[in-house]
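Keep the model open beside them and follow the points in order.

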Amino acid sequence: MLTANKPDTTRVNADTVTKEDGPFHCSECKHSAIVKRGTWKLPHFAHVPGSRPDCEKDNESEAHATIKAAIYA
């Protein structure tokens, strides 16, 4: 989850907001983020392209990473 740029740093879900509700910031590293919606993927947040902070992989549980790798294989 990411926080919207509001005084109370409200936590929001990607499936309930649009890009117009932003700007958004990562709740872990506070870097700028965007909401993404696609045909094949569920709505999700991503760090702004080119900013690739270290927290991206830290938020992924070991089980999630293992299952993702299995699906990829």
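**Notes for a first look**

1. Let's begin with burial: of the 73 residues in the protein, 22% are buried. Please keep in mind that this is a predicted model. The accessible surface comes to about 5,900 Å², and carbon and sulfur atoms hold 54% of that area.

2. Next, the overall layout. The protein has 2 helices and 5 strands. Among contacts with a separation of 6 or more, 22% are between residues 24 or more positions apart.

3. A word on confidence before the details. The mean pLDDT of the protein is 77, and 75% of the residues reach at least 70. Strand S1 (residues 2-4) has the lowest confidence, with a mean of 58, while S4 has the highest, at 87.

4. Which residues make up the largest nonpolar core? There are 7 residues in all: Val-12, Ala-14, Val-17, Phe-24, Ala-33, Val-35 and Phe-45. Leaving aside residues up to four places away in sequence, Val-17 touches Val-12, Phe-24, Val-35, Arg-37 and Phe-45.

5. Strand S4 deserves a careful look from both sides. Its covered face carries Ala-33 and Val-35, and both of these residues also belong to the largest nonpolar core. The uncovered face of S4 carries Ser-32, Ile-34 and Lys-36.

6. S4 also has pairing partners. With S3 it pairs in the antiparallel sense, over 2 bridges, and Phe-24 has Ala-33 in S4 as its bridge partner. S3 and S4 form a hairpin with 5 residues between them, and Lys-30 in that turn has a positive phi of about 70°. S4 and S5 run antiparallel too, joined by 4 bridges. In that pairing, Ile-34 stands opposite Ala-46 in S5.

7. Lys-19 is in the loop between strand S2 (11-12) and strand S3 (24-26). Is Lys-19 buried or exposed? Its relative accessible area is 65%, so Lys-19 is exposed, the cut-off for that being over 50%. Even so, Lys-19 touches Phe-24 and Val-35, when residues up to four places away in sequence are not counted. Lys-19 and Lys-36 are 17 residues apart along the chain, and their C-alpha atoms are separated by 8.2 Å.

8. Finally, visit Pro-43, in the loop between strand S4 (32-36) and strand S5 (44-47). Its relative accessible area is 30%, so Pro-43 counts as partly exposed; that value falls between the limits of 20% for buried and 50% for exposed. Where does the chain bring Pro-43 and Ala-14 in space? They are 29 residues apart in sequence, and 5.4 Å apart from C-alpha to C-alpha. Ala-14 is among the residues that Pro-43 touches, together with Asp-15, Lys-36 and Arg-37, again not counting residues up to four places away in sequence.

Note on methods
Residues numbered from 1 in each chain as written. Predicted model: local features only at pLDDT ≥ 70, side-chain atom pairs only at ≥ 80, totals over all residues. Heavy atoms only, no water. Core = buried A, V, L, I, M, F, W, Y, C linked by side-chain atoms within 4.5 Å. Buried < 20%, exposed > 50% of the residue type's maximum accessible area, 1.4 Å probe, protein only. Contact = heavy atoms within 4.5 Å. Areas by Shrake-Rupley, 256 points an atom, 1.4 Å probe, with all protein chains shown as cover. Pairing = 2+ DSSP bridges. pLDDT = per-residue confidence, 0-100.
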